[in-house]
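Me: Here is a structure I have not seen before. Please take me through it in short questions and answers.

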Amino acid sequence: MASLRGMQQPELSKKLFKIIKSENHAIGAYESASRERISIASQISDWGEATGDDSISDISDKVGVLLSEMGEQEDLFAQNLEDYRSVLKQIRNTESSVQPSRDNKAKITEEIQRLKYKEPQSTKVVQLEQELVRAEAQNLVAEAQLTNITRQKLKEAYDLHSAAVIERGEKQILLARHMRRLVQLLDDTPLVPGDVRPAFEHSGQARQVLNDAEEDLREWQPSFDPIPSSATEMGSNLMPASVTGDYSTAEPSVVGGEDVPAQLESPQEKREISGSTMVQGEGYQQQ
């Protein structure tokens, strides 16, 4: 079905259609990675308990908590990428809307050339030339709208994309650093046969690592500057707000269309700190 939709896409929007489709597969991969990471977190916790070693059980349980949170961050990343993908759809829809204007202009031009070759005295030539003037005017507006929306939405899309990548990276690094603090608490001094390991004395410190990780996630703030935009100067007809005139000759769907969501929040407003899924105290709980 998806392949059929791709074949039905206007020529102008086919390339972006493929990009959007590929991004959907990539987002699905991140969602799958999230589920796998959370499952592995549960397994590492269960394994540690099964070893019968209190130290390993305690550390692996808390490592599992951090791994689970890493999985949740992958899911959040996938959600943010979906917002970026939705913005690309707005460009695609505009491209699809402009295609009929281009086709109409080309069709009239071709018909004029055909008549001038076969029937140079035909009165229809004058009529078609008048239609061509109107078609060119309509296409001029449509092309201006296309370039305006393309620049605005491309900028917005990769603002969202890059912000999502930075957020994911910084939060994953944050969790990984706390994980390194955890594993440092595990004594790996070799024993000779017959020796007994001393009791694990760092349970409180291990629990504090989780507390610190949760607090760091809660207090995380974007470390990047917002990307400025002049798109606020654009009116609802996708023309500069200062420009007056009737531009309704463009295809109506250029300024709207299927799959175009409501105005997204700005990237700064969009950045929501993920609620921590880490568990206080003993025991791993799968979210």
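Me: Is lysine 171 buried or exposed?
Reply: This is a predicted model, where local features need pLDDT of at least 70, side-chain atom pairs count only at pLDDT 80 or more, and totals for chains, interfaces and linings use all residues. Residues are numbered from 1 along each chain as its sequence is written, and side-chain values use heavy atoms, with hydrogens and water left out. Buried means under 20% relative accessible area, exposed over 50%, partly exposed in between (1.4 Å probe, protein chains only). Lysine 171 has a relative accessible area of 0%, so lysine 171 is buried.

Me: Which residue forms a salt bridge with lysine 171?
Reply: A salt bridge puts a side-chain nitrogen of Lys or Arg within 4 Å of a carboxyl oxygen of Asp or Glu. Here the closest N and O atoms are 2.9 Å apart, and the partner is glutamate 167.

Me: What separates glutamate 167 and lysine 171 along helix H4?
Reply: Helices are DSSP runs (H or I, at least four residues), numbered from the N terminus. The two residues lie four residues apart in helix H4, so the separation is about one helical turn.

Me: What is the relative accessibility of lysine 116?
Reply: Lysine 116 meets glutamate 129 in a salt bridge (3.4 Å, N to O). Lysine 116 counts as partly exposed, at 47%.

Me: How are H3 and H4 oriented to each other?
Reply: Their axes come within 8 Å and cross at roughly 170°. Angles over 145 degrees count as roughly antiparallel. H3 and H4 are therefore roughly antiparallel.

Note on methods:
Axes are lines fitted to C-alpha atoms, for helices over the stretch in contact, and angles run from 0 to 180 degrees between N-to-C directions. Angles under 35 degrees count as roughly parallel, over 145 as roughly antiparallel, 65 to 115 as roughly perpendicular and the rest as oblique.
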